[in-house]
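Visitor: I am new to this structure. Please show me how to read its features.

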Amino acid sequence: MGMEILRRLGITPRRVFSGRGVKPHLSLFFNDVDGIERIFGIDTTPFSKKMVEPDSYLITHAHSDHYGKYAMSSKLSVASEETAIALDLLHGREFKGATFRVGESFLIGETEISTFHTGHTIGSSAYLWETECGVRILVTGDVKEYRVLPSCDLLVTEANYGDPSDSTCYFEENSKDFLEIAGGGEVVFGAYAFGKAQRAVKMLRNSGFEDPIGMSQKSLNLTRSLLKESGNLVGLSDDADVWIVPPHELSGIERSNRFVLTCRSDYHYYPAIHLSDHMDVRGLVAMVKHCQPEVTLLYHPRGDRPKKLADHLLSEELCAAIAAEEIPPTTLSKK
Ligand SMILES: [Zn+2]
């Protein structure tokens, strides 16, 4: 049913073969306000030269599973200013595409794209545009805060914690514990260098914590470059009671109080404090209710959660829904 509705709306989602299987994520084909067919890649790796050229590669944020590392070399790519900075720092080369400020609009051809914060990482952005027939397409990437997102006809979104039958897809944040432990003396927190580390520093500063925070080099560079009012950040050779390092570095740190900031249930090496860059399944369903789409396309992550959430949205009669993996892959060879 989802594919039929997409056909009626004049939108064709495609997943394309690459040399080594299927390219991640998808591309959307639609007619723009002048009736010209346009192709937007959504968090995908660039097409090969043998394929048709899309009009744009939309990058929602700088996490590696959204493939900005590969798309950043293309002049057709679009990302927020902060996402471009994060990609530069993470991969040590320059973002070649166009940038925008989240909250502002820009044009691709005659198509006006509006952008919205999603609260997932610094610079993470959702994209909204209209087709020839006035159909509103909203692409979110990963989402932490859905309330500023607009209504739409097609919602293209994530299902990281999208399985309603899995107890690990329900969680509460534990920010109180985090702040208490941080205020209690020498401690080290494991947090991914891009995303979670900036969230942790921001929470500490917002709570009034003014002491120096020690970070390993990559986290330090990213946080200094991306987070306004990040306060006194120092390296690990300097004096600081609170340290934040990537989780894989925790084992090499000689501090007895070690925690990891995560809502993932598969992390058992150190005690976890529940802080997430995502919403749980209740948040995902609330976002769909908020955006009121006719059809939802769950495009991320790999695995069965997109399909599980699609089935749930259908059974709850919230909207038609399909998972990207249900779309048969095609080739996009030039004619
Ligand atoms: Zn992400």
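Visitor: In strand 19, what is the bridge partner of Val260?

Guide: Some ground rules come with the answer. This is a predicted model: local features need pLDDT of at least 70, side-chain atom pairs count only at pLDDT 80 or more, and totals for chains, interfaces and linings use all residues. Residues are numbered from 1 along each chain as its sequence is written, and side-chain values use heavy atoms, with hydrogens and water left out. Strands (E, at least two residues) and helices (H or I, at least four) are DSSP runs, numbered from the N terminus. Two strands pair if DSSP finds at least two bridges between them. Here, Val260 has Ala272 as its partner in strand 19. Strands 18 and 19 (residues 272-273) run parallel, joined by two bridges.

Visitor: Which strand do three bridges join to strand 18?

Guide: Strand 14 (residues 187-190), which runs parallel to strand 18 (residues 258-261). Phe189 has Phe259 as its bridge partner in strand 18.

Visitor: What is the volume of the largest pocket?

Guide: A pocket is an open set of points on a 1 Å grid over the protein atoms alone, where a 1.4 Å probe fits, with protein on both sides within 12 Å along at least five of seven lines; lining residues have an atom within 4 Å of a point. Volume is the space filled by probe spheres set on the points, which are joined across faces, edges and corners. The largest pocket has about 830 Å³. It has 28 lining residues; the closest to its centre are His63, Asp65, Tyr192, Arg264 and His278.

Visitor: Why does the largest pocket lie between domain 1 and domain 2?

Guide: Domain bounds come from an automatic or database domain assignment. Domain 1 (2-166 + 279-326) and domain 2 (172-273) both give residues to the lining, so the largest pocket lies between them.
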